[in-house]
Amino acid sequence: MDVLKNSVFGNVLELNEVSRSGKLTRCMLLSQPFYKDKSKIVFKVFGHDVAFTEDDFHNIIGLKIEASDYSFVDARVNRLKEPYFSEVKKGLKVETLYKFMQKRSRVRDGTSDDVCVDVEVCDEDAVKLAQIYLLEVVLLGKFNGRNISDCSMKIIDGEELYVSFPWGSFYFDEFNYNLSHLLTSESVKKKPIGRIPSYMALGFPFFTQCMDNGSV
C-alpha cells in the first residue's frame, strides 16, 4: 500500500480530501461542452466561453501533461496478461481483473482472504494490477463489462515508461472527447429538446471534483 500511495496514481487514494461544490457540479452536468480544442474543455455561460484547461488539471491533480508519441508501445508484449489471465482469449474485462484481485486480497495480519492458489502474484505485479484498476475503473470509469486497455497494461508494466508517460494528457483528452460527444450521438439527436431523460458520464464525478477546485 505504501508503494501504491507513492506511485503516479497515489493521489487517487486521497479522494476523501477533495472538496466539492454540488451546485457547480450540477451546472456542469447540465451544460454541453464544445470540442473546439483538445487542450481545454469549453462551456458556454451566458454567451461567454468558460474554459478548464490541461494546465488547470495538472495544477490540481499533478498528472503529467505532455504532447508525446507512444505508439511504439503497441509492439510490446503484454507480460502481465499471460501468467495471470492466460484463460482470457480476447479482451480482459474489468470484472475479471476485479475478481482476480479480490481472490488474492490480504488482510491486515498478513494472511490471505479466500486466496486462489493456482497462481502466485509477486508484490510488484500486485501493485501494477492495482494501478491498472485505478486507471481503468476510478479515473476512466469503465463498467465491469468493458475491456481493460492492453496498451495501458503494457505502459504500467514498464517502470520507466509508466513514470514518464503523460497520464494527465491521456486522461484529460479521454474525458474531453467523451463529454463533448455525450449529447451528439444519432440516438440522442433524433429526440426533441427536453425529451432526453438522462445521459451517463462515466468517470466524470471525480473529474468534476477537480474542476470544482479549479478556475471554472
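Strands S1 (residues 40–45) and S2 (residues 48–53) run antiparallel and are joined by six bridges; two strands count as paired if DSSP finds at least two bridges between them. Helices (H or I, at least four residues) and strands (E, at least two) are DSSP runs, numbered from the N terminus. This is a predicted model, in which local features need pLDDT of at least 70 and side-chain atom pairs count only at pLDDT 80 or more, while totals for chains, interfaces and linings use all residues. Residues are numbered from 1 along each chain as its sequence is written, and side-chain values use heavy atoms, with hydrogens and water left out.

**The hairpin**

- S1 and S2 form a hairpin with two residues between them.
- In the turn you will find Phe46, which has a positive phi of about 50 degrees.

- Glu54 belongs to helix H3 (residues 54–61).
- Glu54 counts as buried because its relative accessibility is 19%; buried means under 20% relative accessible area, exposed over 50%, and partly exposed in between (1.4 Å probe, protein chains only).
- Leaving aside residues up to four places away in sequence, Glu54 touches Lys38, Ser39, Ile65, Ser169 and Phe172, where contact means heavy atoms within 4.5 Å.
- Lys154 sits in helix H7 (residues 150–157) and is buried, with a relative accessible area of 9%.
- With residues up to four places away in sequence again not counted, the contacts of Lys154 are Val73, Asp74, Arg76, Val77 and Asn78.

**The second largest pocket**

- A pocket is an open set of points on a 1 Å grid over the protein atoms alone, where a 1.4 Å probe fits, with protein on both sides within 12 Å along at least five of seven lines.
- The second largest pocket holds about 310 Å³ of space, a volume being the space filled by probe spheres set on the points, which are joined across faces, edges and corners.
- Its lining has 16 residues, and Glu66, Ser68, Ser169, Phe170 and Asp173 lie nearest the centre; lining residues have an atom within 4 Å of a point.
- H7 and helix H9 (167–180) are the elements that give two or more residues to this lining, and H9 gives the most, with four.

**Cysteines**

- The count of disulfides, meaning pairs of cysteine sulfur atoms within 2.5 Å, comes to zero.
- Cys122 is partly exposed at 34% relative accessible area, and Cys151 is partly exposed at 28%.
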